[in-house]
Amino acid sequence: MSQPLSIGEVIDGGPWSFLQRFVVLLAALSIVLDGFDGQLIGFAIPVLIKEWGVTKADFAPVVAMGLVGMAVGSGIAGFIADRYGRRIAILGSVICFGIATLAIGLSPNIWTIAILRFCAGLGIGGALPASTTLAGEFTPQRYRTMAITGTIVCVPLGGTLAGLFASQILPAFGWRMLFYAGGAIPLVLSLILVAALPESPRWLARKQPKWPTLVALLHRMGRDVSEHATFAQAPDEVVKTGRGVKALFTDGRALSTIALWAGFFLTLLAVYLAFSWLPTMLTSEGLSVVVAGRGLTAYNLGGVFGALACAVAINRFGSRWPLAFCCAGAAISAFYLRGLNIAGDTSLFVIGLGVHGLFVNAVQSTMYAVAGNMYPTDVRASGTAAGLVVGRLGAILSAFAGAIVIARGGADGYLGLLAFAMTGAMVAILLLKNHIPRATTTTRR
């Protein structure tokens, strides 16, 4: 019998073929629509408040239900992806948020929207981890950081497209058409995924009955392997389990773990304050729905450039100072925006939101990589998952905090909360011990 092959070595040692890049593209499209549907409610809330004669506080449970659904969906998708495959997790997530988003267009009241937002959140929360996992597992190691970063920034890219879409649809056709179209597009993508998306080779390698399928897939990827090849995990591909959350606080990791949790909590609080409430805050200051939508679009567009630029900076300088700099930039830009007259300096304010979004999303998007670097292999999955759970709590808090600060403090209170969150995130990042080292650093053996 031939020597078992390490699937990691087979993928890392070969070219980044057309099929592998196509899979990354499909994963990225899933996340684009994830970000697209996830932010539609933020554009629709100002219109719904006016049409239904309700208050901002009435929509806090709607926003919260969507975020709770995302938290639950992340866990469910992770279980499905490990047990039944990455492909089915992605398909299920896209179909779930597509159907639920489409159904929101039929909603007669706020509580129906809240329930459907929870259902959509299940899919939105599941698509990101499943899609980034698939993209990483199809990509050779030398290109993996670029591939994963490129998929993660598709969340603000999807939000940017949602803003452009909403600015055309809302004035002409109303909020219901916004959700009809927002749900139909993912369902069309799901048909493409059914026809074209293959299963992860690393997942197939763990399932001996799937080895013939894996061999055929590797041939399509340009790998010359025997029809009767057998597969085994390399020692560095085996992840130990069972140590639990307690291990995150041993071996000198307690302070860094708490700091990581604080960083996730505060950055996701800031991000979802914008995703869910920024257009509402702007309309409460007298701007039109279209102009308010442009504000969130600028925020997301800045986030795309910020995440990519920060990834490059981390590669060159390590993660500590680029992330601290971006946190400071986010806090300073929020304070600067407080000094502007929104109605009188609208264009400058929208540009400022783009700069603020650049800094905030630069930090939030790269926190995942920081978490992965901070923990050793045997507690890496637990450490990253725990950080995300705490971060989701910050996102859920934003549902209620946004409504309160806008109602009581207006733009000043809203922007002050953003500045406070990012200042706290900077402190947390500086307290972290095990930052990503710069790529040029070599380790003596």
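Reader: What does the count of disulfides come to?

Author: The model is predicted, with local features needing pLDDT of at least 70 and side-chain atom pairs counting only at pLDDT 80 or more, while totals for chains, interfaces and linings use all residues. Residues are numbered from 1 along each chain as its sequence is written, and side-chain values use heavy atoms, leaving out hydrogens and water. A disulfide is taken as a pair of cysteine sulfur atoms within 2.5 Å. By this rule the count is zero.

Reader: Is Cys326 buried or exposed?

Author: Buried means under 20% relative accessible area, exposed means over 50%, and partly exposed lies in between, with a 1.4 Å probe and protein chains only. Cys326 has 8% relative accessibility, so the residue counts as buried.

Reader: Where does Ser30 lie, and which residues is Ser30 in contact with?

Author: Helices are DSSP runs of H or I with at least four residues, numbered from the N terminus. Ser30 lies in helix α2, residues 18-52, and counts as buried because its relative accessibility is 1%. Contact means heavy atoms within 4.5 Å. Leaving aside neighbours within four places in sequence, the contacts of Ser30 are Ile90, Val94, Phe97, Ser131, Leu189 and Leu193.

Reader: How are α3 and α5 placed relative to each other, parallel or antiparallel?

Author: Axes are lines fitted to C-alpha atoms, for helices over the stretch in contact, with angles from 0 to 180 degrees between N-to-C directions. The axes of α3 (residues 60-84) and α5 (residues 110-138) come within 6 Å and cross at roughly 30°. Angles under 35 degrees count as roughly parallel, over 145 as roughly antiparallel, 65 to 115 as roughly perpendicular and the rest as oblique. The two helices, α3 and α5, are therefore roughly parallel.

Reader: Which residues of α6 and α7 meet?

Author: The axes of α6 (residues 141-152) and α7 (residues 154-173) come within 5 Å and cross at roughly 30°, which makes α6 roughly parallel to α7. On the α6 side the meeting residues are Gly150, Thr151 and Ile152, and on the α7 side they are Cys154, Val155 and Pro156.
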